[in-house]
Amino acid sequence: MASKYLKNKQDSRKLLLVLIAVLVFLILLILDRGGFVNWQDVTRLTGLNDGVVEQEGKLYAHFINVGQGDCSLIKCGDDTVMIDTGEPDSFNAVKAYLNLYNVKEIDYLILTHMHSDHIGSAADIIRKYNVGKVIITKLDEENIPTLYCYEDLLDVLAEGKCEVYAARTGDSYEVGSFSFDLLGPVLQNAEDLNDTSVIVKIKYGNFSILYMGDASSAAETELLINGTDVSADVIKLGHHGSNSSSCGEFLNAVRPQAAIISCGLDNPYGHPGKYTLKRLEARGIKYYRTDISGNITVISDTESFTVKEQGENNYDLVAR
């Protein structure tokens, strides 16, 4: 009886999510005055997603579809790291995604740099979830942004709910069964906040993912000059796949099997850039885009990895 009740409850929840999605679709259709509405917009706003069934001993790196922004969740069992949070209006989608995976605590929240499409929902995340530690870039007086979401973030951090650390290049952190290294910021005092990005390398056994924030080719070149080990199996491309990031020399050093591009559908910036895509294709690097695939999950057992795109029943096996 208990199992039958649980199944009925799960079915009711799925039906409710579908009804909410249809309602949002109709609202978007009305607001768009008959224009084209993409289903990705609906799933992004409602968090409608069947997700993946987690298995013990595997790491799940989720790239959450937040439109033109960045938000990633790295999870292995109950150990969790979140990198960036999308725009302020992304919070409901992020919350729905966290609830889908029963996330109540976040061990580390890493905010790569102080642009709204990366820190927009950070204050709400800290208010609503048990966040242990926050890692942020230390800024100079000259490059402190004048954003409401930045001021809101400072206010919630001042409440002392979580520990706050300034990102220091070379620092390493253990998170239960996996770890991460901070490879940047490498241009701490750059006028362009993109180049103050915290660069993170997640390591799980022999598997690794490189998160570039919005770092440009200038920061990439600095990493290479410093002799930093940037090799990784998967890379989250810098600056949403912009032409100004992911230069050929840097991709040669990383040697990734797969690349993730987090960007919004038909965004006004032309992300991802066509030259970036050509550089990936020339090197045989398979790439995945949140604007096309929706939520993307990379799954690793410490050795090999697979990639799952939203709505797909099959995993895309990427050979090492």
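Start by selecting strand E5 (residues 130-136) and strand E6 (residues 163-166): the two run parallel and are joined by 4 bridges. Keep in mind that this is a predicted model. Now pick isoleucine 136. Its bridge partner in E6 is alanine 166. E5, H6 and E6 together make a right-handed β-α-β unit.

**Isoleucine 135**

Stay in strand E5 and select isoleucine 135. Is isoleucine 135 buried or exposed? Its relative accessible area is 0%, so isoleucine 135 is buried. Show what surrounds it. Beyond its neighbours within four places in sequence, isoleucine 135 is in contact with Tyr108, Leu109, Ile110, Leu111, Tyr165, Ala167, Tyr173, Phe180 and Leu182. Next, draw a distance to isoleucine 83, which is 52 residues away along the chain. The C-alpha atoms of isoleucine 135 and isoleucine 83 are 9.5 Å apart.

**Helix H6**

Go to H6 and colour its buried residues: Cys149, Tyr150, Asp152, Leu153, Val156 and Leu157. They lie on the same side of H6, because the arc they cover around the axis is only 160 degrees. Residues three or four places apart in an α-helix point the same way, because there are 3.6 residues a turn. What do the buried residues of H6 pack against? Show strand E4 (105-111), helix H4 (116-119), helix H5 (122-128), E5 and E6: these are the elements they pack against. Step just past the end of H6 to glycine 160, which has a positive phi of about 75 degrees.

**Aromatic pairs**

Now turn to the rings. The whole structure holds 7 aromatic pairs. One of them joins tyrosine 97 and tyrosine 101. This pair is tilted, at 5.2 Å centre to centre with 40 degrees between the planes. Both tyrosine 97 and tyrosine 101 are buried.

Select tyrosine 165 and tyrosine 173 next. Their ring centres are 6.5 Å apart and their planes stand at 75 degrees, so this pair is edge-to-face. Tyrosine 165 has 28% relative accessibility and therefore counts as partly exposed. Tyrosine 173, at 12%, counts as buried.

Methods: Residues are numbered from 1 along each chain as its sequence is written. This is a predicted model: local features need pLDDT of at least 70, side-chain atom pairs count only at pLDDT 80 or more; totals for chains, interfaces and linings use all residues. Side-chain values use heavy atoms; hydrogens and water are left out. Two strands pair if DSSP finds at least two bridges between them. A crossover is right-handed if, with the strands pointing away from the viewer, the path from the first strand over the helix to the second runs clockwise. Buried means under 20% relative accessible area, exposed over 50%, partly exposed in between (1.4 Å probe, protein chains only). Contact means heavy atoms within 4.5 Å. The arc is that of the directions from the helix axis to the C-beta atoms. Rings of Phe, Tyr and Trp (its six-membered ring) pair if their centres lie within 6.5 Å; planes under 30 degrees apart count as stacked, over 60 as edge-to-face and the rest as tilted.
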